Amino acid sequence: MPLDTLPDTVRILGPVEGRAAEVLTPEALALVAELHRALDGRRQALLSLRQARQARFDAGERPDFRADTAALREDDWRVAPIPADLLDRRVEITGPTDRKMVINALNSGAKVFMADFEDATSPTWANVIEGQINLKDRWSGDLAFTDPASGKAYALGDTPAVLLVRPRGWHLVERHIEVDGEPVAGGLFDFALYLTHNAKAALAQGSGPYFYFPKLESMEEAALWDDACRIAQARLGLSVGTIKATVLIETITAAFEMDEILHALKDHIVGLNCGRWDYIFSTIKRLGLNPAFLTPDRARMVMGEAFLRAYSRKLIATCHRRGAFAMGGMAAQIPIKNDEAANAAAFAKVRADKEREAGDGHDGTWVAHPALVPVAMAVFDRMMPGPNQLDVIGDGADIDQAQMLEMHTGDRTEAGLRENVRVGIQYIEAWLGGRGAVPLYNLMEDAATAEISRTQVWQWLRLKARLDDGRVVDEALVQAIIEDEVTRMPTDLERLGDAVSLFASLCFAPTCESFLTLPAYEALDD
(Lines give C-alpha, C1' and ligand atoms only; values in the text may rest on other atoms or scores of the structure.)
Protein backbone atom coordinates (compact mmCIF):
# COMPACT_ATOMS: atom_id res chain seq x y z
CA MET A 1 0.00 0.00 0.00
CA PRO A 2 1.60 3.31 -1.02
CA LEU A 3 1.87 6.05 1.56
CA ASP A 4 -0.69 8.25 -0.21
CA THR A 5 -3.35 5.64 0.56
CA LEU A 6 -2.84 5.77 4.32
CA PRO A 7 -6.09 6.30 6.21
CA ASP A 8 -6.86 9.87 7.22
CA THR A 9 -6.45 8.86 10.86
CA VAL A 10 -2.66 8.48 10.30
CA ARG A 11 -0.95 11.61 9.04
CA ILE A 12 2.69 12.23 8.17
CA LEU A 13 3.40 15.91 8.76
CA GLY A 14 7.12 15.81 7.97
CA PRO A 15 8.59 15.64 4.48
CA VAL A 16 8.94 12.19 2.93
CA GLU A 17 12.16 12.68 0.98
CA GLY A 18 15.04 10.54 -0.20
CA ARG A 19 14.78 7.09 1.35
CA ALA A 20 12.24 8.06 4.01
CA ALA A 21 9.49 5.98 2.39
CA GLU A 22 11.57 2.86 3.09
CA VAL A 23 10.95 3.22 6.82
CA LEU A 24 7.66 5.16 6.80
CA THR A 25 5.83 2.14 5.44
CA PRO A 26 2.13 1.40 5.95
CA GLU A 27 3.07 -1.69 7.98
CA ALA A 28 5.29 0.31 10.34
CA LEU A 29 2.78 3.12 10.71
CA ALA A 30 -0.02 0.62 11.36
CA LEU A 31 1.97 -0.63 14.35
CA VAL A 32 2.55 2.96 15.49
CA ALA A 33 -1.19 3.57 15.29
CA GLU A 34 -2.06 0.39 17.18
CA LEU A 35 0.40 1.17 19.96
CA HIS A 36 -0.82 4.76 20.18
CA ARG A 37 -4.47 3.79 20.47
CA ALA A 38 -3.80 1.10 23.01
CA LEU A 39 -1.31 2.90 25.22
CA ASP A 40 -1.29 6.68 24.85
CA GLY A 41 -4.06 7.31 27.35
CA ARG A 42 -2.13 5.41 30.00
CA ARG A 43 1.08 7.19 29.00
CA GLN A 44 -0.49 10.57 29.56
CA ALA A 45 -2.06 9.47 32.84
CA LEU A 46 1.33 8.27 34.08
CA LEU A 47 2.91 11.59 33.15
CA SER A 48 0.22 13.32 35.19
CA LEU A 49 1.11 11.09 38.14
CA ARG A 50 4.70 12.31 37.83
CA GLN A 51 3.46 15.87 38.30
CA ALA A 52 1.35 14.91 41.31
CA ARG A 53 4.29 13.14 42.86
CA GLN A 54 6.49 16.19 42.28
CA ALA A 55 4.05 18.27 44.28
CA ARG A 56 4.42 15.86 47.19
CA PHE A 57 8.21 16.00 46.96
CA ASP A 58 8.08 19.79 46.92
CA ALA A 59 6.05 19.57 50.14
CA GLY A 60 8.75 17.48 51.82
CA GLU A 61 7.99 13.86 50.94
CA ARG A 62 11.03 11.67 50.20
CA PRO A 63 11.32 8.70 47.86
CA ASP A 64 11.05 5.34 49.60
CA PHE A 65 10.47 1.66 48.89
CA ARG A 66 6.82 0.90 48.21
CA ALA A 67 4.74 -0.70 50.96
CA ASP A 68 2.23 -2.15 48.49
CA THR A 69 4.89 -4.24 46.72
CA ALA A 70 6.80 -5.55 49.75
CA ALA A 71 5.67 -9.12 49.06
CA LEU A 72 6.92 -8.90 45.48
CA ARG A 73 10.36 -7.83 46.74
CA GLU A 74 10.44 -10.73 49.20
CA ASP A 75 9.29 -13.42 46.78
CA ASP A 76 11.75 -15.56 44.83
CA TRP A 77 11.37 -15.13 41.09
CA ARG A 78 13.72 -14.56 38.16
CA VAL A 79 13.57 -12.90 34.77
CA ALA A 80 13.33 -14.98 31.60
CA PRO A 81 16.53 -16.49 30.13
CA ILE A 82 18.98 -14.15 28.41
CA PRO A 83 19.84 -14.66 24.71
CA ALA A 84 23.31 -16.04 23.94
CA ASP A 85 24.59 -12.91 22.21
CA LEU A 86 23.79 -10.79 25.27
CA LEU A 87 25.58 -12.95 27.83
CA ASP A 88 28.83 -10.96 27.59
CA ARG A 89 28.32 -7.19 27.69
CA ARG A 90 31.51 -6.15 29.41
CA VAL A 91 31.93 -2.97 27.37
CA GLU A 92 29.15 -1.08 25.61
CA ILE A 93 29.56 2.02 23.50
CA THR A 94 26.76 4.53 23.02
CA GLY A 95 26.10 7.29 20.57
CA PRO A 96 23.74 8.89 18.06
CA THR A 97 22.37 7.17 14.99
CA ASP A 98 24.16 9.11 12.24
CA ARG A 99 25.68 6.80 9.65
CA LYS A 100 29.39 7.24 10.31
CA MET A 101 28.87 6.95 14.07
CA VAL A 102 26.86 3.75 13.71
CA ILE A 103 29.58 2.13 11.61
CA ASN A 104 32.41 3.24 13.88
CA ALA A 105 30.58 2.15 17.01
CA LEU A 106 29.68 -1.26 15.60
CA ASN A 107 33.34 -1.69 14.58
CA SER A 108 34.78 -0.31 17.84
CA GLY A 109 35.54 -3.64 19.51
CA ALA A 110 32.84 -3.09 22.13
CA LYS A 111 30.52 -6.01 22.84
CA VAL A 112 27.40 -3.85 22.43
CA PHE A 113 26.49 -0.62 20.67
CA MET A 114 23.50 1.32 21.95
CA ALA A 115 22.14 3.42 19.10
CA ASP A 116 20.53 6.34 20.86
CA PHE A 117 17.39 8.15 19.65
CA GLU A 118 17.10 9.83 23.03
CA ASP A 119 19.75 11.84 24.93
CA ALA A 120 22.41 11.68 22.20
CA THR A 121 20.10 12.65 19.35
CA SER A 122 18.51 16.00 18.64
CA PRO A 123 15.15 14.73 17.34
CA THR A 124 14.87 16.67 14.13
CA TRP A 125 12.72 14.85 11.61
CA ALA A 126 15.75 14.30 9.40
CA ASN A 127 17.81 12.84 12.27
CA VAL A 128 15.05 10.47 13.34
CA ILE A 129 14.34 9.16 9.83
CA GLU A 130 17.99 8.90 8.81
CA GLY A 131 18.72 7.00 12.00
CA GLN A 132 16.05 4.43 11.18
CA ILE A 133 17.43 4.06 7.66
CA ASN A 134 20.93 3.50 9.00
CA LEU A 135 19.80 0.80 11.42
CA LYS A 136 17.75 -0.88 8.68
CA ASP A 137 20.86 -0.92 6.50
CA ARG A 138 22.83 -2.58 9.28
CA TRP A 139 20.58 -5.65 9.16
CA SER A 140 20.12 -5.68 5.38
CA GLY A 141 23.88 -5.64 4.79
CA ASP A 142 23.91 -2.22 3.14
CA LEU A 143 25.63 -0.16 5.82
CA ALA A 144 28.50 1.79 4.23
CA PHE A 145 29.55 5.41 4.09
CA THR A 146 31.99 7.59 2.19
CA ASP A 147 32.93 10.86 3.86
CA PRO A 148 32.29 13.60 1.27
CA ALA A 149 34.96 15.82 2.80
CA SER A 150 37.83 13.34 3.06
CA GLY A 151 36.77 10.66 0.62
CA LYS A 152 37.38 8.03 3.31
CA ALA A 153 35.20 4.94 3.02
CA TYR A 154 33.60 3.23 6.01
CA ALA A 155 32.09 -0.27 6.01
CA LEU A 156 30.80 -2.72 8.58
CA GLY A 157 33.44 -5.17 9.84
CA ASP A 158 33.16 -8.93 10.26
CA THR A 159 32.45 -8.93 14.00
CA PRO A 160 30.19 -5.98 14.78
CA ALA A 161 28.94 -5.21 18.26
CA VAL A 162 25.50 -6.43 19.25
CA LEU A 163 23.00 -3.67 18.47
CA LEU A 164 20.62 -2.25 21.06
CA VAL A 165 18.36 0.72 20.36
CA ARG A 166 17.25 3.37 22.85
CA PRO A 167 13.91 4.93 21.88
CA ARG A 168 12.81 8.23 23.34
CA GLY A 169 11.36 8.46 26.85
CA TRP A 170 7.66 8.54 27.66
CA HIS A 171 7.63 12.33 28.03
CA LEU A 172 8.61 13.09 24.42
CA VAL A 173 6.33 13.16 21.38
CA GLU A 174 6.98 12.87 17.65
CA ARG A 175 5.07 15.83 16.27
CA HIS A 176 5.54 14.81 12.63
CA ILE A 177 3.23 11.78 12.98
CA GLU A 178 -0.37 12.07 14.10
CA VAL A 179 -2.86 9.33 14.84
CA ASP A 180 -6.49 10.36 15.25
CA GLY A 181 -5.37 14.00 15.30
CA GLU A 182 -2.85 13.56 18.14
CA PRO A 183 0.98 13.43 18.03
CA VAL A 184 2.34 10.01 18.90
CA ALA A 185 4.83 9.19 21.62
CA GLY A 186 8.35 9.52 20.26
CA GLY A 187 9.41 6.32 21.98
CA LEU A 188 6.60 4.27 20.43
CA PHE A 189 7.43 5.69 17.01
CA ASP A 190 11.13 4.79 17.35
CA PHE A 191 10.27 1.36 18.77
CA ALA A 192 7.68 0.47 16.13
CA LEU A 193 9.77 1.47 13.12
CA TYR A 194 12.88 -0.36 14.30
CA LEU A 195 10.93 -3.51 15.16
CA THR A 196 8.94 -3.62 11.94
CA HIS A 197 11.96 -3.36 9.69
CA ASN A 198 14.59 -5.26 11.67
CA ALA A 199 13.22 -7.79 14.17
CA LYS A 200 13.06 -10.74 11.81
CA ALA A 201 16.32 -9.87 10.05
CA ALA A 202 18.12 -9.63 13.39
CA LEU A 203 16.70 -12.97 14.52
CA ALA A 204 17.74 -14.61 11.23
CA GLN A 205 21.30 -13.43 11.85
CA GLY A 206 21.49 -14.91 15.36
CA SER A 207 20.58 -11.78 17.29
CA GLY A 208 17.25 -10.15 18.05
CA PRO A 209 15.26 -6.98 18.60
CA TYR A 210 17.03 -5.50 21.63
CA PHE A 211 16.32 -2.18 23.35
CA TYR A 212 17.27 0.17 26.17
CA PHE A 213 14.20 1.78 27.81
CA PRO A 214 14.98 5.21 29.32
CA LYS A 215 13.68 7.60 31.98
CA LEU A 216 11.24 5.22 33.67
CA GLU A 217 9.96 6.41 37.05
CA SER A 218 7.83 3.49 38.25
CA MET A 219 6.82 -0.12 37.77
CA GLU A 220 3.65 1.12 36.07
CA GLU A 221 5.74 2.88 33.43
CA ALA A 222 7.72 -0.34 32.95
CA ALA A 223 4.46 -2.25 32.57
CA LEU A 224 3.50 0.16 29.79
CA TRP A 225 6.61 -0.87 27.87
CA ASP A 226 5.81 -4.52 28.60
CA ASP A 227 2.41 -4.08 26.99
CA ALA A 228 4.05 -2.34 24.02
CA CYS A 229 6.28 -5.39 23.60
CA ARG A 230 3.32 -7.76 23.72
CA ILE A 231 1.26 -5.78 21.23
CA ALA A 232 4.18 -5.49 18.81
CA GLN A 233 5.11 -9.16 19.07
CA ALA A 234 1.52 -10.21 18.37
CA ARG A 235 1.25 -7.96 15.31
CA LEU A 236 4.62 -9.07 13.89
CA GLY A 237 4.10 -12.77 14.61
CA LEU A 238 6.85 -13.00 17.22
CA SER A 239 6.62 -15.12 20.34
CA VAL A 240 6.34 -13.47 23.75
CA GLY A 241 9.81 -12.69 25.07
CA THR A 242 11.44 -12.22 21.66
CA ILE A 243 11.99 -8.55 22.43
CA LYS A 244 14.66 -8.05 25.08
CA ALA A 245 15.29 -4.81 26.92
CA THR A 246 17.61 -3.26 29.46
CA VAL A 247 16.14 -0.50 31.61
CA LEU A 248 18.13 2.53 32.63
CA ILE A 249 17.77 3.31 36.30
CA GLU A 250 18.33 7.01 35.85
CA THR A 251 15.60 8.49 38.03
CA ILE A 252 15.56 8.64 41.81
CA THR A 253 12.05 7.17 41.94
CA ALA A 254 12.93 4.17 39.76
CA ALA A 255 15.85 3.37 42.06
CA PHE A 256 13.33 2.53 44.78
CA GLU A 257 11.40 0.24 42.41
CA MET A 258 14.12 -1.85 40.80
CA ASP A 259 12.59 -5.20 41.81
CA GLU A 260 9.20 -3.99 40.66
CA ILE A 261 10.52 -2.83 37.27
CA LEU A 262 12.26 -6.15 36.70
CA HIS A 263 9.05 -7.98 37.60
CA ALA A 264 6.86 -5.82 35.35
CA LEU A 265 9.09 -6.66 32.39
CA LYS A 266 10.25 -10.10 33.49
CA ASP A 267 9.50 -11.81 30.16
CA HIS A 268 11.36 -9.12 28.23
CA ILE A 269 14.05 -7.68 30.50
CA VAL A 270 17.69 -8.71 30.67
CA GLY A 271 19.15 -6.08 32.99
CA LEU A 272 19.29 -2.65 34.57
CA ASN A 273 21.84 0.09 33.96
CA CYS A 274 23.21 2.84 36.21
CA GLY A 275 22.42 5.98 34.21
CA ARG A 276 24.51 8.15 36.47
CA TRP A 277 24.21 11.58 34.85
CA ASP A 278 20.44 11.50 34.50
CA TYR A 279 20.26 10.09 38.02
CA ILE A 280 21.96 13.21 39.39
CA PHE A 281 19.61 15.36 37.31
CA SER A 282 16.56 13.47 38.55
CA THR A 283 17.65 13.79 42.18
CA ILE A 284 18.08 17.56 41.86
CA LYS A 285 14.79 17.95 40.00
CA ARG A 286 12.76 15.81 42.36
CA LEU A 287 14.25 16.98 45.67
CA GLY A 288 15.63 20.37 44.67
CA LEU A 289 13.47 22.46 46.99
CA ASN A 290 14.48 20.48 50.07
CA PRO A 291 17.52 22.12 51.77
CA ALA A 292 18.67 18.69 52.94
CA PHE A 293 19.46 17.86 49.31
CA LEU A 294 21.39 20.98 48.35
CA THR A 295 24.03 19.70 45.94
CA PRO A 296 27.72 20.56 45.79
CA ASP A 297 29.60 21.18 42.54
CA ARG A 298 28.80 18.55 39.94
CA ALA A 299 32.44 17.40 39.97
CA ARG A 300 32.07 16.45 43.64
CA MET A 301 29.25 13.98 42.95
CA VAL A 302 31.22 10.87 42.04
CA MET A 303 30.11 7.26 41.81
CA GLY A 304 32.28 6.10 44.69
CA GLU A 305 30.42 8.10 47.32
CA ALA A 306 27.05 8.80 48.95
CA PHE A 307 23.78 8.16 47.09
CA LEU A 308 25.46 7.27 43.81
CA ARG A 309 27.53 4.55 45.46
CA ALA A 310 24.52 3.22 47.33
CA TYR A 311 22.27 2.94 44.30
CA SER A 312 24.98 1.25 42.24
CA ARG A 313 25.49 -1.44 44.89
CA LYS A 314 21.75 -1.84 45.37
CA LEU A 315 21.29 -2.30 41.64
CA ILE A 316 23.89 -5.08 41.50
CA ALA A 317 22.33 -7.01 44.36
CA THR A 318 18.80 -6.58 43.01
CA CYS A 319 19.62 -7.59 39.44
CA HIS A 320 21.76 -10.61 40.26
CA ARG A 321 19.19 -12.02 42.66
CA ARG A 322 16.75 -12.00 39.73
CA GLY A 323 19.12 -13.35 37.06
CA ALA A 324 19.46 -9.98 35.31
CA PHE A 325 22.55 -8.02 34.37
CA ALA A 326 23.77 -5.01 36.33
CA MET A 327 25.37 -2.58 33.91
CA GLY A 328 27.72 0.18 35.05
CA GLY A 329 27.78 3.83 34.07
CA MET A 330 29.26 6.07 31.43
CA ALA A 331 32.86 7.12 30.91
CA ALA A 332 32.43 10.29 28.88
CA GLN A 333 36.10 11.18 28.33
CA ILE A 334 37.34 11.70 24.78
CA PRO A 335 40.95 11.82 23.53
CA ILE A 336 42.76 15.15 23.79
CA LYS A 337 44.81 15.86 20.69
CA ASN A 338 48.53 16.46 21.17
CA ASP A 339 48.42 16.16 24.96
CA GLU A 340 49.62 12.75 26.07
CA ALA A 341 49.86 13.76 29.73
CA ALA A 342 46.23 14.89 29.80
CA ASN A 343 45.16 11.72 28.01
CA ALA A 344 47.05 9.56 30.48
CA ALA A 345 45.39 11.32 33.41
CA ALA A 346 41.92 10.98 31.84
CA PHE A 347 42.43 7.30 31.05
CA ALA A 348 43.65 6.68 34.61
CA LYS A 349 40.33 8.07 35.90
CA VAL A 350 38.44 5.80 33.53
CA ARG A 351 40.47 2.81 34.67
CA ALA A 352 39.78 3.53 38.34
CA ASP A 353 36.06 3.98 37.67
CA LYS A 354 35.83 0.69 35.80
CA GLU A 355 37.85 -1.12 38.46
CA ARG A 356 35.30 0.00 41.03
CA GLU A 357 32.45 -1.22 38.85
CA ALA A 358 34.02 -4.58 38.07
CA GLY A 359 35.09 -5.04 41.68
CA ASP A 360 31.59 -4.34 42.98
CA GLY A 361 30.06 -6.90 40.62
CA HIS A 362 28.82 -5.02 37.56
CA ASP A 363 28.57 -7.14 34.42
CA GLY A 364 29.75 -4.41 32.08
CA THR A 365 30.09 -0.70 31.56
CA TRP A 366 29.56 2.18 29.14
CA VAL A 367 31.97 4.34 27.18
CA ALA A 368 31.28 7.26 24.86
CA HIS A 369 34.29 7.04 22.52
CA PRO A 370 36.00 4.15 20.68
CA ALA A 371 39.36 5.10 22.22
CA LEU A 372 38.00 4.10 25.64
CA VAL A 373 36.87 0.64 24.55
CA PRO A 374 40.28 -1.02 25.04
CA VAL A 375 40.80 0.83 28.33
CA ALA A 376 37.55 -0.44 29.81
CA MET A 377 37.88 -3.84 28.16
CA ALA A 378 41.28 -4.43 29.74
CA VAL A 379 39.84 -3.78 33.21
CA PHE A 380 36.89 -6.14 32.79
CA ASP A 381 39.03 -8.80 31.10
CA ARG A 382 41.36 -8.73 34.09
CA MET A 383 38.76 -8.54 36.83
CA MET A 384 35.89 -10.49 35.24
CA PRO A 385 37.30 -13.65 33.61
CA GLY A 386 33.83 -15.05 32.89
CA PRO A 387 31.26 -13.54 30.53
CA ASN A 388 29.40 -11.85 33.41
CA GLN A 389 29.11 -11.75 37.20
CA LEU A 390 25.55 -12.93 37.75
CA ASP A 391 26.75 -15.00 40.71
CA VAL A 392 28.05 -11.92 42.57
CA ILE A 393 25.44 -10.38 44.87
CA GLY A 394 27.80 -7.96 46.60
CA ASP A 395 26.97 -6.00 49.72
CA GLY A 396 24.03 -3.93 48.49
CA ALA A 397 21.01 -6.05 49.37
CA ASP A 398 20.33 -4.34 52.70
CA ILE A 399 20.92 -0.74 51.60
CA ASP A 400 18.09 1.33 53.03
CA GLN A 401 16.31 4.60 52.27
CA ALA A 402 18.76 6.72 54.26
CA GLN A 403 21.75 5.37 52.33
CA MET A 404 19.94 5.80 49.01
CA LEU A 405 19.35 9.45 49.84
CA GLU A 406 22.71 10.32 51.42
CA MET A 407 23.71 13.63 49.83
CA HIS A 408 27.20 14.19 48.47
CA THR A 409 29.26 16.73 50.35
CA GLY A 410 31.58 19.43 49.09
CA ASP A 411 31.82 23.08 48.18
CA ARG A 412 29.75 25.10 45.79
CA THR A 413 32.13 27.29 43.83
CA GLU A 414 32.09 30.01 41.21
CA ALA A 415 34.06 27.64 38.98
CA GLY A 416 31.33 25.03 39.32
CA LEU A 417 28.65 27.62 38.60
CA ARG A 418 30.53 28.83 35.54
CA GLU A 419 30.96 25.28 34.28
CA ASN A 420 27.21 24.72 34.50
CA VAL A 421 26.56 27.90 32.53
CA ARG A 422 29.25 27.22 29.95
CA VAL A 423 28.32 23.59 29.29
CA GLY A 424 24.56 24.07 29.53
CA ILE A 425 24.38 26.91 27.03
CA GLN A 426 26.75 25.36 24.49
CA TYR A 427 25.02 22.00 24.64
CA ILE A 428 21.59 23.57 24.11
CA GLU A 429 22.97 25.58 21.19
CA ALA A 430 24.23 22.39 19.54
CA TRP A 431 20.96 20.55 20.24
CA LEU A 432 18.93 23.34 18.64
CA GLY A 433 21.23 23.02 15.64
CA GLY A 434 20.54 19.30 15.29
CA ARG A 435 23.42 17.73 17.26
CA GLY A 436 22.71 15.67 20.37
CA ALA A 437 26.17 14.31 21.20
CA VAL A 438 28.58 17.22 21.65
CA PRO A 439 32.30 17.24 22.56
CA LEU A 440 32.81 19.94 25.19
CA TYR A 441 35.93 20.43 27.31
CA ASN A 442 37.27 16.92 26.64
CA LEU A 443 34.00 15.14 27.45
CA MET A 444 31.30 13.80 25.15
CA GLU A 445 28.17 15.45 26.49
CA ASP A 446 24.55 14.59 25.89
CA ALA A 447 21.26 16.00 27.15
CA ALA A 448 21.78 14.62 30.66
CA THR A 449 24.74 16.92 31.24
CA ALA A 450 22.79 19.99 30.24
CA GLU A 451 19.97 18.85 32.50
CA ILE A 452 22.34 18.69 35.48
CA SER A 453 23.75 22.09 34.57
CA ARG A 454 20.46 23.98 34.40
CA THR A 455 18.75 22.20 37.32
CA GLN A 456 21.71 22.76 39.61
CA VAL A 457 21.74 26.48 38.83
CA TRP A 458 17.97 26.50 39.39
CA GLN A 459 18.35 24.75 42.76
CA TRP A 460 21.15 27.01 43.97
CA LEU A 461 19.00 30.03 43.09
CA ARG A 462 15.86 28.69 44.77
CA LEU A 463 17.70 27.70 47.97
CA LYS A 464 19.91 30.81 48.01
CA ALA A 465 23.00 28.64 48.17
CA ARG A 466 26.26 30.14 49.34
CA LEU A 467 29.45 29.70 47.38
CA ASP A 468 32.68 28.82 49.18
CA ASP A 469 33.62 32.51 49.15
CA GLY A 470 30.44 33.47 51.02
CA ARG A 471 28.46 34.97 48.14
CA VAL A 472 24.82 34.00 47.78
CA VAL A 473 23.78 32.64 44.40
CA ASP A 474 21.14 35.08 43.17
CA GLU A 475 19.79 36.17 39.80
CA ALA A 476 22.21 39.08 39.51
CA LEU A 477 25.23 36.80 40.00
CA VAL A 478 23.98 34.16 37.59
CA GLN A 479 23.06 36.76 34.96
CA ALA A 480 26.50 38.35 35.23
CA ILE A 481 28.20 34.97 34.82
CA ILE A 482 26.00 34.10 31.83
CA GLU A 483 26.90 37.38 30.13
CA ASP A 484 30.60 36.92 30.87
CA GLU A 485 30.73 33.30 29.74
CA VAL A 486 28.93 34.09 26.49
CA THR A 487 31.71 36.54 25.56
CA ARG A 488 34.18 33.62 25.77
CA MET A 489 32.21 31.27 23.53
CA PRO A 490 32.93 30.73 19.83
CA THR A 491 31.47 33.44 17.63
CA ASP A 492 30.13 31.04 14.98
CA LEU A 493 27.39 29.47 17.13
CA GLU A 494 24.27 30.09 15.05
CA ARG A 495 21.70 29.41 17.79
CA LEU A 496 23.62 30.98 20.67
CA GLY A 497 21.04 33.69 21.37
CA ASP A 498 18.23 31.13 21.50
CA ALA A 499 20.31 28.86 23.73
CA VAL A 500 21.11 31.65 26.19
CA SER A 501 17.46 32.66 26.35
CA LEU A 502 16.27 29.09 26.96
CA PHE A 503 18.98 28.32 29.52
CA ALA A 504 18.27 31.50 31.46
CA SER A 505 14.52 30.98 31.41
CA LEU A 506 14.96 27.45 32.81
CA CYS A 507 17.31 28.62 35.55
CA PHE A 508 15.19 31.59 36.63
CA ALA A 509 11.82 29.82 36.44
CA PRO A 510 9.88 29.58 39.72
CA THR A 511 9.35 25.85 39.17
CA CYS A 512 11.69 23.29 37.67
CA GLU A 513 10.82 22.35 34.08
CA SER A 514 10.63 18.54 33.95
CA PHE A 515 12.89 18.25 30.87
CA LEU A 516 14.70 20.96 28.94
CA THR A 517 14.08 19.00 25.75
CA LEU A 518 10.36 19.80 25.98
CA PRO A 519 10.66 23.56 25.35
CA ALA A 520 13.74 22.96 23.20
CA TYR A 521 11.77 20.63 20.91
CA GLU A 522 9.35 23.47 20.20
CA ALA A 523 12.32 25.58 19.05
CA LEU A 524 13.81 23.03 16.63
CA ASP A 525 13.88 24.27 13.05
CA ASP A 526 12.31 21.38 11.18
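**Close-up 1. Helices α11 and α12 cross at roughly 35°.** This view, like the others here, comes from a predicted model. Helix α11 covers residues 340-360 and helix α12 covers residues 373-383, and their axes come within 9 Å. Two packed helices are described by just these kinds of values, the angle between their axes and the distance between the axes. The crossing of α11 and α12 is right-handed. On the α11 side, the contact is made by F347, V350, R351, K354, E355, E357, A358 and G359. Helix α12 answers with V375, A376, V379, F380, R382 and M383. Sort the residues of this contact by type and you get eight nonpolar, one polar and five charged.

**Close-up 2. Here are the buried residues of α12 and what lies over them.** Look for V373, V375, A376, M377, V379 and F380, which are buried in this helix. Their cover includes α11, along with β2 and β13 (364-367). An α-helix has 3.6 residues a turn, so residues three or four places apart point the same way.

**Close-up 3. Helix α3 is mostly covered.** This helix runs over residues 99-106, and six of its eight residues are buried. The buried ones are R99, M101, V102, I103, A105 and L106. So what sits over them? Among the covering elements are the strands β2 (91-95), β3 (112-116), β4 (144-146) and β5 (153-155), plus helix α4 (125-140).

**Close-up 4. Strand β9 is covered on both faces.** In a regular strand the side chains alternate between the two faces of the sheet. In β9 (residues 210-213), Y210 and Y212 are on one side, F211 and F213 are on the other, and all of these are buried. Which strand is joined to β9 by four bridges? That's β10 (residues 244-249), and the two run parallel. To pick out one of the pairings, find F211 and its bridge partner in β10, A245.

**Close-up 5. E174 is a buried residue in strand β7.** The strand spans residues 173-179. Is E174 buried or exposed? It's buried, because its relative accessible area is 0%, and the cut-off for buried is under 20%. The side chain of E174 is joined to that of H176 by a polar contact of 2.6 Å. Leaving aside residues up to four places away in sequence, E174 touches W125, V128, R168, P183, V184, A185, G186, F189 and Y521.

Definitions and conventions:
Residues numbered from 1 in each chain as written. Predicted model: local features only at pLDDT ≥ 70, side-chain atom pairs only at ≥ 80, totals over all residues. Heavy atoms only, no water. Buried < 20%, exposed > 50% of the residue type's maximum accessible area, 1.4 Å probe, protein only. Polar contact = N/O pair within 3.5 Å; in protein donor to acceptor, adjacent residues only side chain to side chain. Contact = heavy atoms within 4.5 Å. Axes fitted to C-alpha atoms, helices over the stretch in contact; angles between N-to-C directions. Left-handed = near helix turned anticlockwise from the far one by under 90°. Nonpolar A, V, L, I, M, F, W, Y, C, P; charged D, E, K, R; others polar. Pairing = 2+ DSSP bridges.
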